[in-house]
Amino acid sequence: MQKGAWHNASPVGLILVLSAPSGAGKTSILSKILKLHPEISFSVSATTRPPRENERDGFDYHFINDRQFDEYLLNDSFIEWAEVHGNRYGTLKNEISHVVESGGTIILDTDTVGAFNIKKFFADAVLIFIAPPSPDILVDRLKKRNTETEQRVEQRLAAAPVEISRMAGYDYIVINDDLDAAVAQVETIIKAENLKSERIIPSLTKWRKYLDR
Ligand code: 5GP
């Protein structure tokens, strides 16, 4: 919406994109935010990666095979997709369109390639980068993860410098030193974004009527 426009003001959805190198604690932050804010939606991506033990199909990801992923590509079902650590991941158009149209808030979890592509598609999308406090802590956290094989840990460690180097292109950076503090910072960002004039104006019907008199 054009700044300052009162007429035809319709709800504007808020799209938040969270990215982080593996081991930064993004998944823990995300699940806390979603638990604390049931009004916020999560865009469930499709992936060809096999599920981890604790992951549920349709909640964490839509776990699909290569053939199904190719079909989605043919049907133009993705807003963006990328190959990350040897698997394909994509944001489905139908996950976010209804939230955007109704003026709700939705969180996407993508790598840095996906985040910048989302911004090209939705210029108002808010990009948040979750950074670990230091390189040593990143390496330590990743090695302690027992959801990955050694080869996968190495793959993820090798990708970290590229992801870290792209954080300057993000709107916000949250350093995950302490989980609760990081969650509170993400909540602050969401609150501030929801106070932007383009999101407030559609709800100011009394002032609209006052101006229209
Ligand atoms: P993981 O396998 O650890 O769940 O995710 C690996 C990487 O893929 C993470 O950086 C995550 O943000 C990214 N990812 C998850 N879903 C998507 C998606 O839909 N699009 C893109 N571009 N990246 C994704």
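Here is a friendly walk through this predicted model, from its sheet to its cores and aromatic rings.

Because the model is predicted, local features need pLDDT of at least 70 and side-chain atom pairs count only at pLDDT 80 or more, while totals for chains, interfaces and linings use all residues. Residues are numbered from 1 along each chain as its sequence is written, and side-chain values use heavy atoms, leaving out hydrogens and water.

An open sheet is built from 5 strands in the order 2-7-1-8-9, with parallel pairing. Strands here are DSSP runs (E, at least two residues), as are helices (H or I, at least four), numbered from the N terminus; two strands pair if DSSP finds at least two bridges between them. The edges are strand 2 (41-42) and strand 9 (172-175), each of which pairs on one side only.

Helix 1 (residues 26-36) touches strand 1 (14-19), strand 2, strand 7 and strand 8 (126-131), where contact means heavy atoms within 4.5 Å. The direction of helix 1 makes about 165 degrees with that of strand 7; such axes are lines fitted to C-alpha atoms, for helices over the stretch in contact, and angles run from 0 to 180 degrees between N-to-C directions. Helix 7 (residues 179-194) touches strand 1, strand 7, strand 8 and strand 9, and its direction makes about 160 degrees with that of strand 9.

Now look at strand 8. It pairs in the parallel sense with strand 1 over 4 bridges, and Phe129 is the bridge partner of Ser19. Another 4 bridges join strand 8 to strand 9, also running parallel, with Ala131 partnered by Ile175. Since 6 of the 6 residues of strand 8 are buried, this strand is largely enclosed by the rest of the structure. Buried means under 20% relative accessible area, exposed over 50%, and partly exposed in between (1.4 Å probe, protein chains only). Val126, Ile128 and Ile130 are buried on one side, and Leu127, Phe129 and Ala131 on the other.

What about the cores? A nonpolar core is a set of buried Ala, Val, Leu, Ile, Met, Phe, Trp, Tyr and Cys residues joined through side-chain atoms within 4.5 Å. The largest has 19 residues, of which Ile33, Ile128, Ile130 and Val186 touch the most other members. Strand 1, helix 1, strand 8 and helix 7 are the elements giving two or more residues to this core, and helix 7 gives the most, with 5 residues. A second, separate core of 15 residues includes Ile15, Val99, Ile118 and Leu127.

Finally, the aromatic rings. The structure holds 9 aromatic pairs; rings of Phe, Tyr and Trp (its six-membered ring) pair if their centres lie within 6.5 Å, and planes under 30 degrees apart count as stacked, over 60 as edge-to-face and the rest as tilted. Phe69 lies in helix 2 (residues 66-74) and Trp81 in strand 5 (residues 78-84). Phe69 is buried at 0% relative accessible area, whereas Trp81 is partly exposed at 36%. Together with Tyr72 and Phe78, these two residues form one aromatic cluster.
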